[in-house]
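Hello,

Here is the structure we discussed handing over. Please load it before reading on; my notes on its salt bridges follow.

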Amino acid sequence: MSRTIRTARKIHRWISYIVFAQVTLWILGGLTFAVLPFDSVVRGGAVMEPSENPAFPQGWLATLAPHVSDLESINGITAHNSSQGLLVELLEGDDPHWIRLGDGLAATPPSAEEIESYAQRLYQGEGTASATRHISEPEYRYLGLVDELYGRTDVWQVSFDDAYDTRLYFDAPTGRYLTIRNDFWVFYDAMWRLHIMDYGSGEDFNNVWLRIFTPLAMIFALSGLVLTWNAARRGWRQH
């Protein structure tokens with residue numbers, strides 16, 4: 001056995017102890033991303049249409065005029081659907097002011113009953129609302145990795161007893177719809193974090209762990225090719 005083959009075998013064996021688990025997770029992650037329908041299942045499209053900011057109705061500016069005159073400057077104006085009807089966000093610096101276009105009054109925090117009623121209007125699946133609760137503290141991380149609200153608090157959660165275990169989230173002070181989550185989203189997000197080896201935000205593609213394991217995996221693959229080529233060459237010689 002040549003020195004090159006012995007070296008390749010040692011490298012392949014020792015690196016395999018280090019990278020085997022992560023390579024397996026990379027493969028499982030790729031399989032997850034390929035198999036799970038993203039828009040309909042992971043993003044909840046099967047039970048709810050994608051939310052978009054609504055258009056401003058006719059005469060909306062006159063409704064806001066009294067509020068606008070009280071502000072020193074406005075950095076942005078955005079319309080939002082909510083449990084209180086159509087809301088307009090007037091952004092003064094970093095401070096938002098929420099106005100109901102229906103009556104021109106400032107938005108008030110909705111009740112649990114109003115939130116659940118709004119959630120049932122948005123939801124288009126086959127389940128029914130099973131629980132409504134207010135979240136005031138950071139939630140535990142699903143599978144030890146995923147915080148489906150990314151640390152956000154002061155929200156309402158409405159759960160539905162469907163096949164996806166759908167959860168709708170709403171801003172507690174205004175009743176605005178925030179996002180949809182389900183168990184498939186949690187699993188997908190967990191596999192994504194494991195895939196890119198970012199166990200915090202799940203957004204860093206250039207983290208230290210990935211930069212260490214990627215070249216190790218490449219060396220593992222190349223040393224395996226050397227061993228495969230050597231085994232094939234010996235097989236040809238025997239025949």
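**Salt bridges in the model**

Arg-100 and Asp-103 form a salt bridge through their side chains, at 2.9 Å from N to O. Keep in mind that this is a predicted model. Asp-103 is partly exposed, at 43% relative accessibility.

Next, Arg-167 and Glu-148. Their side chains also meet in a salt bridge, 2.9 Å from N to O. Arg-167 sits in strand E6 (residues 167–171), while Glu-148 is in the loop between strand E4 (129–135) and strand E5 (155–160), so this pair ties together parts 19 residues apart in sequence. Arg-167 is buried, with a relative accessible area of 3%. Glu-148 is buried too, with a relative accessible area of 3%.

This pair belongs to a network. Salt bridges link Glu-148, Asp-165, Arg-167 and Asp-183.

One further pair involves that loop and E6. The side chains of Arg-152 and Asp-171 make a salt bridge, 3.3 Å from N to O. Arg-152 lies in the loop between E4 and E5 and Asp-171 in strand E6, so here again the linked parts are 19 residues apart in sequence. Arg-152 is partly exposed, with a relative accessible area of 37%. Asp-171 is buried, at 8% relative accessibility.

Best regards

Key. Residues are numbered from 1 along each chain as its sequence is written. This is a predicted model: local features need pLDDT of at least 70, side-chain atom pairs count only at pLDDT 80 or more; totals for chains, interfaces and linings use all residues. Side-chain values use heavy atoms; hydrogens and water are left out. A salt bridge is a side-chain nitrogen of Lys or Arg within 4 Å of a carboxyl oxygen of Asp or Glu. Buried means under 20% relative accessible area, exposed over 50%, partly exposed in between (1.4 Å probe, protein chains only). Helices (H or I, at least four residues) and strands (E, at least two) are DSSP runs, numbered from the N terminus.
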